[in-house]
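I opened the model to look at helices, packing and backbone angles. These are my notes, in the order of looking.

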Amino acid sequence: MKKLAPRLLGSFTLLSLALVVWLGLFVTPKDQVQGDLVRLLYIHPAIAWVALYVSFGTAVIASGLYLWPRSRSMTMDRVAHCAMEISVIFIALTLITGSIWGRPTWGVWWAWDARLTTTAIMGVFEVGYLALRRANDDPVQRARRSGVYAIVAAANLPLVHFSVNWWRTLHQGATVLVQNGNLLVHGLMLFDTLYSFVAFTALFFWLLRARYRLELARESGASAALENRLAERRAEGGQK
Amino acid sequence: MRTAWLVAQKDLRIEMRSRVLLWQVVPFGAMALLLCGLALGPTRAGHSSVAPGLFYVVMLLVALLMINRSRAIEERPGTKASVATLGLDPAGVFIGKALALVIELLMTGAVLLAGTVVALHVSAHAALVASPSVAVVLGALAVAGTLYGALTGGGTGTATLLPVLSLPAFAPLLIAGERAFSAAVTGQSTWQWWLISLVALVVYTALGILLYGVVEES
């Protein structure tokens, strides 16, 4: 069962992503206004969802659980670290896919738009988190400081989320649902858009598991290397 | 609050004796403001609309220097041990350090605000109208900076790590401050930007009071 669950998750992720791509590229029609460019929108919002909410949210919650004395364990710190790394990659993908869509639509790769700018700032926050981890060698100090930093960085998230409402922006606001609950996207286009959220969320959990296992292997490898080094030193001392 | 006052007094006394603020930080800020003016050229630099942005960029650079310095005081040999032995409340230490930093930033800010009047042609009235919002933004910078300073202390590459960690947090404050200052220059309402700065000040103060002890404990 232990081996079956990750395999099922991996297979489900792969099939879901393939379905999203197939529907997005070959089955759904062109958009009346955007033409083929709309196909990028089947993945861009889902990537942003994973970057800003799923993986960053996981990192913040795991950091909070680490700092909370009753649930403190290095597992939480590892989960936070791995989730934040994935979030950095997904933020980069969000900005890249957004830029590719923005160039033909807005005429520029980058606009000084509130949503774009706050998302980029969020990316720098996350890079800062990883830099902070590298600057501290002591595992407990590293876990505490990066945990505090993740929680402080979370204060920036409402700014990213509500930026399209608070400021006049080029970036569109809510599209699938409007305030009175009416759907604005219909048919297969809606299904593909919504299903991409499921597919990319599954991808996040699959990546998180893989990265977590890698981190465990790295830690045990590092401690084994240290033990070997110490044994060599002891042997050198014995020879003298 | 007694702890806060003691810590603030200690930091300010060190600053008064060393005169680093007077002879190093303020001249650096003035020079940076002049360099920004030179980079823009006489026509654009003489236009008061660029002054708010330049003022806040220079204030951010100055704040980074002062946060590093405030942190360095705590890193001196024996200081941490003394604080631990005295059993001072971490929340009080945080408020005290932030208070000292606010006072130092306000003093530098006053000089640089006068600099914008002289060099960047902002009217004295606009500078006066902008000064309360400047005070709130600098307060938020000091509070956030104290927390980030604590996070970077003791590790490797502290001086370079601080800007990476703190500048993303300072960016919304820079925007809010610049907008409030610009509104003061053009005679528009500034309350929305005040509100953002005030919320940031309250949020960072609350986070600092809650989390400073956790950071220092490590």
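**Helix H2 of chain B.** I looked up which residues of H2(B) are buried, and found Leu21(B), Val25(B), Gly29(B), Leu33(B) and Gly37(B). I call a residue buried if 20 or more other C-beta atoms lie within 10 Å of its own, exposed if 12 or fewer, and partly exposed in between, with C-beta atoms placed from the backbone. Helices here are DSSP runs (H or I, at least four residues), strands are E runs of at least two, and both are numbered from the N terminus.

The model is predicted; local features need pLDDT of at least 70, side-chain atom pairs count only at pLDDT 80 or more, and totals for chains, interfaces and linings use all residues. Residues are numbered from 1 along each chain as its sequence is written, while chains are lettered from A and ligands numbered from 1 in the order in which they are written.

Next I checked the length of H2(B). The helix has 21 residues, 20–40, and at 1.5 Å a residue it should span 30 Å. The expected span is 1.5 Å times one less than the number of residues. The end C-alpha atoms of H2(B) are 29 Å apart, which agrees.

What do the buried residues of H2(B) pack against? I found four partners in chain B: helix H1 (2–18), helix H3 (42–45), helix H4 (51–75) and helix H6 (90–119). Contact means C-beta atoms, placed from the backbone, within 7 Å.

**Positive phi in chain B.** I went through the residues beside the helices. Gly41(B) follows H2(B) and has a positive phi, near 90 degrees.

Most residues other than glycine have a negative phi. I noted two non-glycine residues with positive values. Arg19(B) has phi near 55 degrees. Arg19(B) sits in the loop between H1 and H2 of chain B. It has 10 other C-beta atoms within 10 Å, so Arg19(B) is exposed. His121(B) has phi near 60 degrees. His121(B) sits in the loop between H6 and H7 of chain B. It has 14 C-beta neighbours inside 10 Å, so His121(B) counts as partly exposed.

**The core.** I then looked for the largest nonpolar core. A core is a set of buried Ala, Val, Leu, Ile, Met, Phe, Trp, Tyr and Cys residues joined through C-beta atoms within 7 Å. The largest has 114 residues, and Ala140(B) and Leu141(B) touch the most other members. Helix H7 (residues 124–152) of chain B gives the largest share of this core, 16 residues. I listed the contacts of Leu141(B), leaving out residues up to four places away in sequence: Ala63(B), Leu105(B), Phe170(B) and Leu173(B).

**Ala183(B).** This residue lies in helix H8 (residues 158–186) of chain B. It has 21 C-beta neighbours inside 10 Å, so Ala183(B) counts as buried. Leaving aside neighbours within four places in sequence, Ala183(B) is in contact with Gln188(B), Ser189(B), Thr190(B) and Trp193(B). Trp193(B) is ten residues from Ala183(B) along the chain, and their C-alpha atoms are separated by 9.3 Å.

**Chain A.** I counted seven helices and zero strands in chain A. Of its 240 residues, 32% count as buried. The C-alpha trace of chain A spans about 80 × 40 × 35 Å along its principal axes. Among contacts in chain A with a separation of 6 or more, 74% join residues 24 or more positions apart.

How do H4(A) and H6(A) pack? Their angle is about 175 degrees, and their axes are 8 Å apart. Axes are lines fitted to C-alpha atoms, for helices over the stretch in contact, and angles run from 0 to 180 degrees between N-to-C directions. H4(A) and H6(A) are therefore roughly antiparallel (over 145 degrees; under 35 is roughly parallel, 65 to 115 roughly perpendicular, the rest oblique).

**The A–B contact.** I found 19 residues from chain A and 17 residues from chain B. On the chain A side, H5(A) gives the most, with eight residues.

Methods
Contact = placed C-beta atoms within 7 Å.
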